[in-house]
Amino acid sequence: QVQLVESGGGVVQAGGSLRLSCASNIRISGVHQMSWFRRTPGKQRILVARTFLDGEFWYSDAVKGRFAISRDGAKDTVSLQMNNLTTDDTAVYYCHIRPGVSGPEAQDYWGQGLQVIVSS
């Protein structure tokens, strides 16, 4: 059973920075996708940033240029560095991995969620 443990959420003032981390209990060196999603009250969970096994990245327009996703194979973690935060970034953030491309390996796994509050 894949388990993801998140850390690093909290309260920060607008313009500040936070770093979220997500530790996996499986080796991530071969994991196809590692991502961060976020959800605000009353809305669906949306993709914020993704890193692919081939080294490619994807960011939502809302965070492009401010957030950076990275994976650390030695520690089996995926992190999200969030800079120049605004009140619109207030949300619960979720770590997500999809180990493979198809079949049973394409199952989705989620962290428990981290509250991030950006105060004005």
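Mentor: Contact here means heavy atoms within 4.5 Å. Please note also that the model is predicted.

The largest nonpolar core holds 28 residues, and those touching the most other members are Leu20, Trp36, Phe67, Leu80, Met82 and Tyr93. At least two residues of this core come from each of β3 (18–24), β4 (33–39), β5 (46–52), β7 (67–72), β8 (77–82), β9 (91–98) and β11 (114–119). Strand β9 gives the largest share, 4 residues.

Phenylalanine 67 may be taken as an example. Not counting residues up to four places away in sequence, Phe67 touches Leu80, Met82 and Tyr93, and also Arg38, Val48, Tyr59, Gln81, Asn83, Leu85 and Asp89.

Valine 78 belongs to strand β8. Because its relative accessible area is 0%, valine 78 is buried. Beyond its neighbours within four places in sequence, valine 78 is in contact with Leu20 and Trp36, as well as Ser21, Cys22, Met34, Thr51, Ile69, Ser70, Arg71 and Cys95. Arginine 50 is 28 residues from valine 78 in sequence, and their C-alpha atoms are 9.8 Å apart.

Strand β9 also contains histidine 96. With a relative accessibility of 1%, histidine 96 therefore counts as buried. Its side chain makes a polar contact with the side chain of aspartate 108, at 2.9 Å. Apart from neighbours within four places in sequence, histidine 96 is in contact with residues including Met34, Phe37, Arg50, Asp108 and Trp110.

Notes: Residues numbered from 1 in each chain as written. Predicted model: local features only at pLDDT ≥ 70, side-chain atom pairs only at ≥ 80, totals over all residues. Heavy atoms only, no water. Core = buried A, V, L, I, M, F, W, Y, C linked by side-chain atoms within 4.5 Å. Buried < 20%, exposed > 50% of the residue type's maximum accessible area, 1.4 Å probe, protein only. Polar contact = N/O pair within 3.5 Å; in protein donor to acceptor, adjacent residues only side chain to side chain.
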